[in-house]
Structure formats: C-alpha cells, structure tokens
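Work through the exercises below with the model open beside you. Try each task before you read its solution.

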Amino acid sequence: MRSFLEWLGQTPWSIALLESFWVWPLVESTHVLALGLFAGTAWMMDLRLLGLSFRAVPVSEFRNRMLPWTRGGFAVMAVTGFLLLYSNPVRYYHNIFFRVKVILLVVAAVNVWWFHARTYRRVAEWDRDPRPPQAVRVAGAVSLLVWALVVVTGRFIAYNWFDCDIQPQPDFVNWASGCVLQAE
C-alpha cells in the first residue's frame, strides 16, 4: 500500500496540486465550505430525528427538503477530500487523525445505511410525532456525534503532532499511524 501511495504522491498532478499557490487553497477552502453545508443540513435533520427542533414539521417533509442539499454538500466534500488526499497521500496515510476519521466515516456510512434501509421504512407510523421512536432518536444521536467527531479529527489532520518523522513517539502512536521505524 505504501509503495502505491509513494508512487501516487510523486505523480506530476499530485505534486502540482500540493505545490500550487492557488489550487490547493481553493480545494481546501471548497472542502471546508462543503463540509459546512453538509454538516449543517445533516445536523438539522439529526436534531429533528431527536425531536429537539422542527417538531411541527413532518420528518418526511423535512428530509425531502434537506436531503438534496446534504447530498450536494457531501458530493463536493468527498471530491475535494479525495483531492486533498491525492495531494500528499503518504502523509495522510500515516496521520493518526486521518485514520480515525476514516473509521468514523465508515461508522457514519453504516448509520446512514441502517437508518434509510431499516428505520426510515416505517416513517408513516411516526412521521408527525414531535418525538420520534427510540430507534430514530438513536440514529440521529449517532449521526450527530459521529459527524462532529469527523469534523474534529479532520481539523486535527493539519497538525503534525504525531507524524512518523517526529520521534520519539509512544509505541501505540507509531503502531496506530503505521510508522516504519529504522533500527538504530
């Protein structure tokens, strides 16, 4: 995996993206703005699922209004996120916060899938309830928490506190980051 990422990071497009005076900051800024759109609309939906806000609006109606914006924000966020990864793949691969973020993204994806494939199927039964059933509230709470942690870990990626080239690091950090240390 590392050899592939090293090759990827040495491609002309990757180098150009990372070293660009305008493109890299534009991609990063677009990523943050798309994150704001995505997280804002997702959190509004989560608050409705928890029964904490927009209680007079049926969940299905609220979902239909928010989902196109949420999907659009996610699409732009995903494309720009892949471009950021492409700009410096080895550093991201070994970044402990990036690794935690990827795990959280998998948890978020499972939660979204579970909600839409299972829980939302019976929306007609609880659509107008100011306080939805427990399974719905759990899905909203998990979503709210996981996406908040994705934002926090994503922000921490920028810091090099635990980069492999900064040693010594605790053994756990080296293991979790996948650092390959040279014997002295």
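**Exercise 1. Which residues do ring pairs link into a cluster?**

Ring pairs join Phe97, Phe156, Tyr159, Trp161 and Phe162 in a cluster. Here rings of Phe, Tyr and Trp (its six-membered ring) pair if their centres lie within 6.5 Å. By this rule the count comes to 16 aromatic pairs.

Before going on, note the ground rules. This is a predicted model, in which local features need pLDDT of at least 70 and side-chain atom pairs count only at pLDDT 80 or more, while totals for chains, interfaces and linings use all residues. Residues are numbered from 1 along each chain as its sequence is written, and side-chain values use heavy atoms, with hydrogens and water left out.

**Exercise 2. Describe the pair formed by Phe172 and Trp175.**

Step 1: take the geometry. The ring centres of Phe172 and Trp175 are 5.8 Å apart, and the planes meet at 40°. Planes under 30 degrees apart count as stacked, over 60 as edge-to-face and the rest as tilted. So the pair is tilted.

Step 2: Phe172 and Trp175 are 3 residues apart in helix H9, so about one helical turn separates them. Helices are DSSP runs (H or I, at least four residues), numbered from the N terminus.

Step 3: check exposure. Buried means under 20% relative accessible area, exposed over 50%, partly exposed in between (1.4 Å probe, protein chains only). Phe172 has 56% and is exposed. Trp175 has 66% and is exposed.

**Exercise 3. Which residues of H1 are buried, and what covers them?**

Step 1: list them. In helix H1 (residues 2-9), Leu5, Leu8 and Gly9 are buried. They span an arc of only 95° around the axis, so they sit on the same side of H1. The arc is taken from the directions from the helix axis to the C-beta atoms.

Step 2: turn to the opposite face. The face of H1 turned away from the buried side carries exposed Ser3 and Trp7.

Step 3: find the cover. Helix H2 (12-19), H4 and H5 are among the elements over the buried residues of H1. Contact means heavy atoms within 4.5 Å.

**Exercise 4. Characterise the largest pocket.**

Step 1: define it. On a 1 Å grid over the protein atoms alone, a pocket is an open set of points where a 1.4 Å probe fits, with protein on both sides within 12 Å along at least five of seven lines; lining residues have an atom within 4 Å of a point.

Step 2: give the volume. It is about 820 Å³. A volume is the space filled by probe spheres set on the points, which are joined across faces, edges and corners.

Step 3: read the lining. It has 28 residues, with His31, Gly81, Leu84, Lys101 and Ile157 nearest the centre. H4 gives the most, with 8 residues.

Step 4: sort by class. The lining has 19 nonpolar, 5 polar and 4 charged residues. Ala, Val, Leu, Ile, Met, Phe, Trp, Tyr, Cys and Pro count as nonpolar, Asp, Glu, Lys and Arg as charged, and the others, Gly among them, as polar.

**Exercise 5. Where are Phe54 and Pro168?**

Step 1: Phe54 lies in the loop between H3 and H4. Phe54 is not a glycine, yet has a positive phi of about 55°. At 36% relative accessibility, Phe54 is partly exposed.

Step 2: Pro168 is in the loop between H8 and helix H9 (171-177). A cis peptide bond joins Gln167 to Pro168, with omega about 5°.

Key: Helix = DSSP H or I, 4+ residues; strand = E, 2+ residues; numbered from the N terminus.
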